[in-house]
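Let's take a walk through this protein chain together. Have a look at the model first, then read on.

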Amino acid sequence: MLEEPYRWVEAIRNRRDYLEDQLRGASPVVATRYRDGVLLLTTTPGPRKVFEVYNEIAFAAIGHPADIEKLRKAVIDIAHLEGFNLSASDVNLQRLVSFGIGPLVKGAFDEIFRSPFLARVLLAELDPPSGDDVFYTIDADGSFVRAGHVAAVGSEESVAAIAEALRDHVPEASLEDALESALHAWARGRMASEREEGEEAPAAEQVVDFLKNALADLNVEAAVLDRSVPTKSKFRLLGEDDLKPVLSAHGKA
């Protein structure tokens with residue numbers, strides 16, 4: 001195959017199509033800024049998808065749980081090695097993505113005799129030294145994109161719908177308002193991935209009905225990087241008390 005470049009290109013194209021097909025039905029992850037930091041939200045029937053990486057950096061992903069766990073551990077190892085060799089202040093998201101997880105995922109994707117990582121990753125950093133770019137998304141082929149106030153991982157359709165839903169999101173919103181916005185954006189993203197080609201975007205009432213039905217069978221998983229916390233680690237999983245005001249408004253007890 002190495003002697004026939006077009007066959008390699010075809011194999012890469014097939015891998016890309018396979019990954020897109022496998023990840024299409026995944027529940028998207030939504031990330032936004034809010035007044036005290038950064039919020040990450042998704043839904044899951046079981047395994048967690050949002051984790052702490054290092055002090056002010058969080059990790060979330062969609063895909064196969066085993067691959068998500070491999071990538072999570074890899075990012076943690078890279079971050080701690082960076083902190084040990086340099087200092088904690090030198091551990092930043094740009095370096096973790098550009099010199100760590102990005103090349104790792106791309107290497108697995110390009111080696112056609114090796115299984116690629118069946119995952120898309122979102123990383124968030126609280127108050128990065130570079131300024132407004134607090135999110136990175138890493139695709140299954142190793143390509144990555146920076147984002148500022150909002151970001152998402154999911155299918156192409158769901159990410160586009162989430163971006164549109166959060167177009168007017170206010171970074172200074174309260175946590176409760178940010179949760180409400182993120183939950184509605186998640187619903188629009190989920191509906192977009194299930195919508196037939198050419199079908200119109202749902203009305204607000206349809207989104208509310210969809211959320212009520214979806215939340216009956218799914219658990220909302222949300223976490224924040226909270227700058228108001230006095231400890232080094234700014235990561236906090238949101239508990240029942242944090243989520244109850246928003247979820248109860250959508251019929252989830």
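## Contacts and overall build

Of the contacts in the chain with a separation of 6 or more, 66% are between residues 24 or more positions apart; a contact means heavy atoms within 4.5 Å. This is a predicted model, where local features need pLDDT of at least 70 and side-chain atom pairs count only at pLDDT 80 or more, while totals for chains, interfaces and linings use all residues. Residues are numbered from 1 along each chain as its sequence is written, and side-chain values use heavy atoms, with hydrogens and water left out.

The C-alpha trace spans about 60 × 50 × 30 Å along its principal axes. Of the chain's 253 residues, 49% count as buried, meaning under 20% relative accessible area with a 1.4 Å probe, protein chains only.

## A look at S193

Now pick out S193, which sits in helix α5 (residues 175–194); helices here are DSSP runs of H or I with at least four residues, and strands are runs of E with at least two, numbered from the N terminus.

Is S193 buried or exposed? With a relative accessible area of 15%, S193 is buried. Its side chain reaches the backbone oxygen of R190 at 2.7 Å. Leaving aside residues up to four places away in sequence, S193 touches R24, S155, E157 and S158.

Definitions and conventions:
Buried means under 20% relative accessible area, exposed over 50%, partly exposed in between (1.4 Å probe, protein chains only). A polar contact is a pair of N or O atoms within 3.5 Å; within protein, one must be able to donate a hydrogen and the other to accept it, and residues adjacent in sequence count only if both atoms are side-chain atoms.
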